[in-house]
Amino acid sequence: MTHQPTGRSFDHSRRLREQPAGVPVDPKTRLRNAGLRPTVQRLALSKLLFGKGDRHVSAEALHAEAREAGLTMSLSTVYNTLNQFAEAGLLREIAVQGPRTYFHTRTSPHHHFMDEATGRMFDAADGSVEFTRLPAPPEGMEIVGCDVIIRIRPKKG
């Protein structure tokens with residue numbers, strides 16, 4: 001069993017209109033399709049996030065990119081925008097440890113490697129993680145997905 005122990009895909013309350021692979025999506029259209037108003041801040045961050053292909057990003061890293069691009073906005077604005085994008089289904093939120101959170105532009109179910117030495121996160125190959133059994137969920141609950149973060153570091157010696 002991989003990714004989805006119940007055999008169902010993640011349930012996104014707001015399902016985005018699928019775009020053909022390789023077709024660039026206008027930032028305003030992307031936001032509107034997700035049910036978000038295309039504000040100046042959202043448009044600017046959308047261009048930074050989705051203009052560089054599939055990637056993992058933290059709020060701090062995106063804030064630094066925004067500053068380098070000459071954009072003036074607070075770290076709080078970046079956090080709020082990333083959370084809004086995740087809620088709308090534009091990003092996948094990956095809570096790694098404690099307050100450490102990454103956002104991924106690839107929203108389909110998949111697993112990750114986390115380099116503990118550098119903090120870099122990258123995708124595990126699709127279909128490379130399998131489960132033979134998961135515990136039963138608590139009474140009144142159902143399993144909707146299973147995320148695996150495989151922690152790695154350089155070999156010693």
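Accessible areas come from the Shrake-Rupley method with a 1.4 Å probe. With that in mind, let's look at this predicted model. The accessible surface of the chain comes to about 9900 Å², and carbon and sulfur atoms hold 50% of that surface.

**The chain as a whole**

The chain has 157 residues, and 38% of them are buried. How far apart in sequence are the residues that touch? Among contacts between residues at least 6 apart in sequence, 49% join residues at least 24 apart.

**An open sheet**

Now turn to the strands. Strands of a sheet pair through backbone hydrogen bonds, either parallel or antiparallel. Here, three strands form an open sheet, and their order is β1-β3-β2. The pairing in this sheet is antiparallel. Which strands stand at the edges? They are β1 (56-57) and β2 (92-97). Each of these two has a single partner strand, so one side of each is left without a neighbour in the sheet.

β1 meets β3 (residues 100-104) over two bridges, in the antiparallel sense. Look for V57, which stands opposite F103 in β3.

| Residue | Loop | Relative accessible area |
|---|---|---|
| A124 | between β5 (121-123) and β6 (149-152) | 4% |
| H111 | between β3 and β4 (112-115) | 2% |

Is A124 buried or exposed? Buried means under 20% relative accessible area. A124 has a relative accessible area of 4%, so A124 is buried. H111, at 2%, is buried as well.

What does A124 touch? Leaving aside residues up to four places away in sequence, A124 touches H111, H112 and F113.

A polar atom of the side chain of H111 lies 3.0 Å from the backbone nitrogen of V148.

Conventions:
Residues numbered from 1 in each chain as written. Predicted model: local features only at pLDDT ≥ 70, side-chain atom pairs only at ≥ 80, totals over all residues. Heavy atoms only, no water. Buried < 20%, exposed > 50% of the residue type's maximum accessible area, 1.4 Å probe, protein only. Contact = heavy atoms within 4.5 Å. Pairing = 2+ DSSP bridges. Polar contact = N/O pair within 3.5 Å; in protein donor to acceptor, adjacent residues only side chain to side chain.
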